[in-house]
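Me: I have a structure open and would like to learn how to read it. Please take one feature at a time, with the general idea and then the case here.

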Amino acid sequence: MKTKFLLDPNITFLNHGSFGAVPREVFAVYQQWQRTLENQPVRLLGRKLPSELRAVKSALGSVLNANPENLLLISNVTFGLNLAARSLNLQSGDEILTTTHEYGACLNTLKYLAHKSGARLVQQPVSMPLKSPEDVIEEIWSGVSPKTRLLFLSHITSPTASRFPVAQLCRRANRAGILSIIDGAHAPGQLEIDLAEINADIYMGNCHKWMLSPRGAGFLYAGSAVQAILEPLVVSWGWNVDTPATPEMGLLENLQWTGTYDPSAFLSIPAAIDFQRKHNWINVHMSAQETLSRFLHRFSESFNIPIAYTPEADPYIQMAVLLLPPIKDPEKFQNQLWCKYAIEIPCIEWQEHQFLRVSYQVYNTEADLDRLFSAIEDLMPSFLTTSSHTKSGSL
Ligand SMILES: Cc1ncc(COP(=O)(O)O)c(C=O)c1O
């Protein structure tokens, strides 16, 4: 499968999670759209775009089990969260509930929102290793107070590569009258997503990570109850004070145009979906999970360090974290893995822990993990701190 991607064959790429990677045939479709655009810019942008985007939303809706009319195409999750969060009319004293596992840029958006509105941001600790889904729900829910207005959660977390039981939490939030926003940046393409079952008020996902589309392609799902409150983050042709949008006009469609842009990444989403269908993606998930599980056990036994997951939590699919013994200068560790061994993998500091976050995509093989293992064996001794041995047993 490696040859089906454009990745440099001389590197060990174990960081699909950050920015994805696009198969050759999907990239060819992307370039074809760019040529179509260049061939007659007005035909695509001025005439055909609305119907082409409707076709993209229909393809996306079928894999996400969502009504295409509840989907807005967005360039990325960061944009989606800004659009959603800044549409909310939070008041001083309101509370936004989230966890300690969220992505930094999204936390920044929530902090900005709290700062502007006077609301309080509550970051609920969720213990690592994750416990059972029921325990995780209780840990998160214990942060709810009568003032909670918004629940913001990752479906798959960035620093700890863990899956949260979002459907159960959205249901509970819904019953309590709390708005739910789910950050699905890592979920589409890594999980079978059923948006009807999750029933979040707002769910945002990236297609340019695990769904293998070109970068700049994501979606925002908004249930019909919340569509009316969404305001354009960028005011453009869709919004008109004299003729406000009505549900018949399609409330989300009115947010779609944000000024001139290149829609080629959006228009390539169906090709990425086809690629995954053609290559039987459920098997890709299962085999990645098994390979990662074997590797986590091998690493744990060899370095005498716990695995960051409990078996009952079953929280990872194609991305997992390896707990490291305390090391000096994790940034340098990551740089040396790249500079000395051509291994691209993020080294993450989270709370008092340090992790390597391994992404295992269809183009990876066990040989990539073997190379990582040998490189860590080589590098580790010069990075260990004096407390490494005493601390390594506690997560
Ligand atoms: C959990 C999570 N949320 C949001 C994002 C932001 O994605 P983007 O930069 O595509 O907006 C990321 C990026 O890695 C992420 O890991």
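Reply: Start with a strand pair. Strands (E, at least two residues) and helices (H or I, at least four) are DSSP runs, numbered from the N terminus. Two strands pair if DSSP finds at least two bridges between them. Here strand 9 (residues 319-323) and strand 12 (residues 353-359) run antiparallel and are joined by five bridges. Within the pair, leucine 322 stands opposite leucine 356 of strand 12.

Me: What kind of model is this, and how are residues numbered?

Reply: This is a predicted model, in which local features need pLDDT of at least 70 and side-chain atom pairs count only at pLDDT 80 or more, while totals for chains, interfaces and linings use all residues. Residues are numbered from 1 along each chain as its sequence is written, and side-chain values use heavy atoms, with hydrogens and water left out.

Me: Which residues cover the two faces of strand 9?

Reply: First the term: buried means under 20% relative accessible area, exposed means over 50%, and partly exposed is in between (1.4 Å probe, protein chains only). In strand 9, five of the five residues are buried. Met319, Val321 and Leu323 lie on one side, and Ala320 and Leu322 on the other.

Me: How do I read a nonpolar core, and how many residues has the largest one here?

Reply: A nonpolar core is a set of buried Ala, Val, Leu, Ile, Met, Phe, Trp, Tyr and Cys residues joined through side-chain atoms within 4.5 Å. The largest one has 91 residues, and Leu195, Tyr203, Phe333, Leu356 and Leu372 have the most contacts inside it. Helix 14 (residues 366-383) gives the largest share, eight residues. At least three residues come from each of domain 1 (2-21 + 280-391) and domain 2 (24-276). Apart from this core lies another of 28 residues, including Leu88, Leu90, Val226 and Leu252.

Me: What is leucine 195 in contact with?

Reply: Contact means heavy atoms within 4.5 Å. With neighbours within four places in sequence left aside, leucine 195 is in contact with Leu64, Asn65, Ala66, Leu71, Tyr203, Phe219 and Tyr221.

Me: Where do the domain bounds come from, and what separates the two centres?

Reply: Domain bounds come from an automatic or database domain assignment. The centres of domain 1 and domain 2, taken over C-alpha atoms, are separated by 28 Å. Across the boundary, 36 residues of domain 1 are in contact with 31 residues of domain 2.

Me: How do I read a bend in a helix, and where does helix 3 bend?

Reply: The bend at a residue is the angle between axes fitted to the seven residues ending there and the seven starting there. Helix 3 (residues 41-64) bends by about 75° at lysine 48, and proline 50 follows within four residues.

Me: Which residues of helix 3 are buried, and what do they pack against?

Reply: An α-helix has 3.6 residues a turn, so residues three or four places apart point the same way. In helix 3 the buried residues are Leu44, Leu49, Glu52, Leu53, Val56, Lys57, Leu60, Gly61 and Leu64. The buried residues of this helix pack against several elements, among them helix 2 (24-39), strand 2 (71-74) and helix 8 (195-198).

Me: Which other residues have a positive phi, and are they buried or partly exposed?

Reply: One of them is asparagine 280, with phi near 50°. Asparagine 280 lies in the loop between helix 11 and helix 12 (281-303), and counts as partly exposed because its relative accessibility is 42%. Aspartate 329 also has a positive phi of about 50° and is not a glycine. Aspartate 329 is in the loop between strand 9 and helix 13 (330-341), and is partly exposed because its relative accessible area is 43%.

Me: Where is the cis peptide bond?

Reply: The cis bond joins methionine 128 and proline 129, with omega about 0°. Proline 129 is in the loop between strand 4 (120-124) and helix 6 (133-141).
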